[in-house]
Amino acid sequence: MSGEDLLLLFSEFVFLLLGIITTVDFIRHRNRIRRDIAMMFNSIAIPVTAGLLGRVITLPQWIGVLAILPLFAQPYLLIRLIQYLESVPKLIDRLAFGGLLFTLAALVIFRSPVPPVITLLVVVYFVVIDGYAMFAFIRGAIVTSGVVRQRLRFAAAGAGFLAVTLGVTGLPILIPSLQGMTAVTAQVLAMISAVAFYVSFLPPSWLRRLWQFSELRGFLFAISDPASADSTSVVTTYGKLGQTANRAVGGMISFILEQSPEDHAWRIAYASDDHALDMTALHEQSSALLAWQTKTSRSVRREAVSNEADRRLLDSVSAGTVMIVPITLSDRGMGLLLVFLKSTSLFPNDDLELLFLLAQQCATFLENIQLVEQLQSYSKGLEQKVDERTAELRQSEERFRSIFEQAAVGIAHRTLEGAFIEVNQRFCDIVGYSAEELFGISAQTLTYAEDYESDLKHVNTLLNGAAVSYTIEKRYRHKSGQPVWINLTVSLARRPNGEPDHYITVIEDITERIQAEAERHEAEARFARVLDTTAEGVITVDMNQRIILFNQSAERIFGYSAEEAMGQTLTMLLPPDVVSRHDRFLREFADGDDIARGMGQRQRDLAAKHKDGTIFPIEASISKLTEKDQVILTVFIRDITEKRQAEEALRESESRYHRIIDNMLEGFQILGQDWRYLYLNDAAARYGKMEKEALLDHTVTEMYPGIERTDMFASMQRCMTQRTSSIEEFEFGYPDGTSAWFQFSIQPVPEGISILSIDITERKAAEAALLGINEALEQRVAERTVQLQATNKELEAFSYSVSHDLRAPLRALDGFSQALLEDYEETLDEDGQEYLTLIRSESQRMGQLIDDLLDLSRLTRTDLNRAQVNLSDIAHEIAAELQRQAPSREVEFAIEDDLWSCADPHLMRILLQNLIGNAWKYSSKQARAHIQFGRQREQDEWVYFVRDDGVGFNMNYAHKLFGAFQRLHSMEEFEGTGIGLAIVQRIVHQHGGTVRAHGVVNEGATFYFTVGHESCA
């Protein structure tokens, strides 16, 4: 659908919506105005509906003609709406009616097509009438305000744009070349006209409210003018209401009537003009009296007058319509607002609603004025009493203010919601805020969130009367963000009737005391943590030896909990045989001058008793503290059971260590810094051909003269001075002239150096013998290499000879066969020709076999030239060449990109040509074959593969695949020599890789290969 069609459809939908809504509105209310509005918009909606139906179904021609007839009545119906605003000139009224008759007559006479001149006259008829309607709506908008003005503006826009739309539609009659240009313009203008009519006659409720509130706001500003607040303020307010009402609905004159409460007589409180009003009509059963009694707004039109009283009321001011609005409050009526219109209103409901809002706001304003006057009267009587009490309170307040401001504590008054009413300077100093800042925040702002629930509980006790005040210690948040600890006292002040009024808060800054207590508690906690984490048991007793401190390590050592031990005597932890001796020691220490002493100097072994009765060894010390003539003793105890066990284990280990070293087959010796033997085992003495006792306490240079000139001694000296380890082999010369080979492991030790020696004399002899054998083998390998090189040269010569000597007869055989076929074709019968053809074919196949054998033999003599090669590019090139050779085949190649490998590029091309070529060949019977080349990871190695979906093979014969001339398919099925896979295997093996195959009959085959682990870096 084009944009032009969308515009047309939108405008048609809006006109159709206007027709439907105005029709529903007329059915609900059934009055003349709504009927005329519905007829005007349905004159457009009926043709639109027919047009929309015609797009969906085919309608008979007569239905289309009937549907278009109401459209020609639109100007006339629009003029009927104008008559509700003003009197329409007879010329316009006759023109509208005559144009309607002329249009209908032309349609009946000419039908289709209508002559251009007649069409142009119809267009002029529409433009003139709609244009006049536009100006009429504009005049109505000028003399009114509020909702009516807004709606008449949009009605003028709708009529004006509709006139322009019809004018643009008629232009092509005069200027045919504009036919294409005016279509879209006319549709845009029609859409705007439809929207303008919609906003005018059927505005959304929110938009009507917005217009009403705008007018109402202006009225409120007007009556709120301070210049009106005088003795004539009621009259002034009525005057502004009447003026605003006239302007809002286009009224010609307005009255505000008031009824006397004594005799119920009506009087005019305000009149916008000097017209006389028939007041007698208000006492009969008129619409005005009914509106006053029911407190509902009413609109009375002359055409719909139902009683004589209403007619007399309208005649008294020569009006066509009167709008009656009661001015009421919730409990009583204040008066009636009467607005007379020369003709009538297009929007009576909206006008009445707006007038009702204005009247209600006026009533509310007047009531407020009355209340203010009453309050002013009361206030004059109170002023005298206030002046008297003020003087008394000022003196009291001055005394209170002096006490309040000079108090040493912070004092504040707070509302029940927590807002500060009054604070003294000390309160400001404590929290860091000025008084002005505190008045802008609440007490909750100063309170920490975690303290709020506790505060709330205390406040509730005040509110429910359970307490008259409470005192707590809590934190306030200082302006700087730091916490301030305060002692808070809060009491509740109540009104004379007992209702809570406000809080009185007194605060004292206790931050320094809280910090000091916190530091003390932290020190005590830190001391307790130290006691609990120390490895020693700490036990404090008084002079009666009763336990007053028992830390966690003491619990672990003795098995008692602190609760069990506290208050018990220290003797419960001592073996029975030392109790009396220990008691004397404690008394002697308490009376002495020492403040600390180790325990057990006279008797080295100390012991204690576990909860289960076990006696165990300990180490202990004691300290003394005197507080107020009271001596407190603290004993520090360490359980040394494990230490004793470790010492015993160490002695046993050293003994076992010496036994092991003494029985070692390897020699072990320790030399001191002065090169004296400090220790050596039996093997070391045996290797040195000396007695152990003869070597100990002697230097190595004394026992083995000349050793200081050997490489072995240089290594020992390097280890002694540089403290570095070494493992070396040396030939050691004995004083008797003999020698032996040893492996020495020389390590630095605190005493000097240690030497671990192993006799390797026999191994050295074996190495010498093996060296001789290796030399003989190398000689034999060199001789065999010369023989193999000669054999390879002979094989090369043989290969060349075979190639040359076999090719020549085969070429001759092929040539003579071809000559016989060409020269004796007519002589030979079909069998003879077939035999010669077979001879040629077999000779050519024999030549291919020879070529393949030569290629296979050359591979054994080819040197590898490894380089980084892109296997993916090679595979793409081979695939492209195969496609060129057989363009009619449908084969889908799936080649993984960027597969690089370190290999010989030339050999890799031969390998892939054979594998991809085989896949191409053995998948040739598939209608659409698939060939894939890629790689996968297997046990930390990249494995390449070529896969096809061809005929496959039986895995029972897989061992034959890579043998020369081994074929799993006959020549009649697939051509070939059976050498290709043998060449593949030879190339893979040259690279140090592996190759394997997997196949399933009629499901395809996959060949896997690797190219070794060598790097090209």
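Helix axes are lines fitted to C-alpha atoms over the stretch in contact, and the angles between them run from 0 to 180 degrees between N-to-C directions. The tour that follows concerns a predicted model.

**Helices H30 and H31**

Select residues 905–922, which form helix H30, together with residues 980–990, which form helix H31. The two axes come within 9 Å and cross at roughly 145°; the crossing is left-handed. To display the contact itself, show Leu907, Met908, Ile910, Leu911, Asn914, Leu915 and Asn918 on H30. On H31, the corresponding selection is Gly980, Leu981, Ile983, Val984, Ile987, Val988 and Gln990. Coloured by class, this contact has ten nonpolar and four polar residues, with no charged residues.

**Asn870**

Asn870 counts as buried because its relative accessibility is 9%, under the 20% limit. A polar atom of the Asn870 side chain lies 3.0 Å from the backbone nitrogen of Ser872.

**The aromatic cluster**

Finally, select Tyr687, Tyr704, Phe730, Phe732, Tyr734, Phe742 and Phe744, which form one aromatic cluster. The whole structure holds 20 aromatic pairs. One of them joins Phe732 and Tyr734 in an edge-to-face arrangement, with ring centres 5.2 Å apart and 85° between the planes. Phe732 and Tyr734 are both buried.

Note on methods:
Residues numbered from 1 in each chain as written. Predicted model: local features only at pLDDT ≥ 70, side-chain atom pairs only at ≥ 80, totals over all residues. Heavy atoms only, no water. Buried < 20%, exposed > 50% of the residue type's maximum accessible area, 1.4 Å probe, protein only. Polar contact = N/O pair within 3.5 Å; in protein donor to acceptor, adjacent residues only side chain to side chain. Helix = DSSP H or I, 4+ residues; strand = E, 2+ residues; numbered from the N terminus. Left-handed = near helix turned anticlockwise from the far one by under 90°. Contact = heavy atoms within 4.5 Å. Nonpolar A, V, L, I, M, F, W, Y, C, P; charged D, E, K, R; others polar. Phe/Tyr/Trp six-rings, centres within 6.5 Å; stacked < 30°, edge-to-face > 60°.
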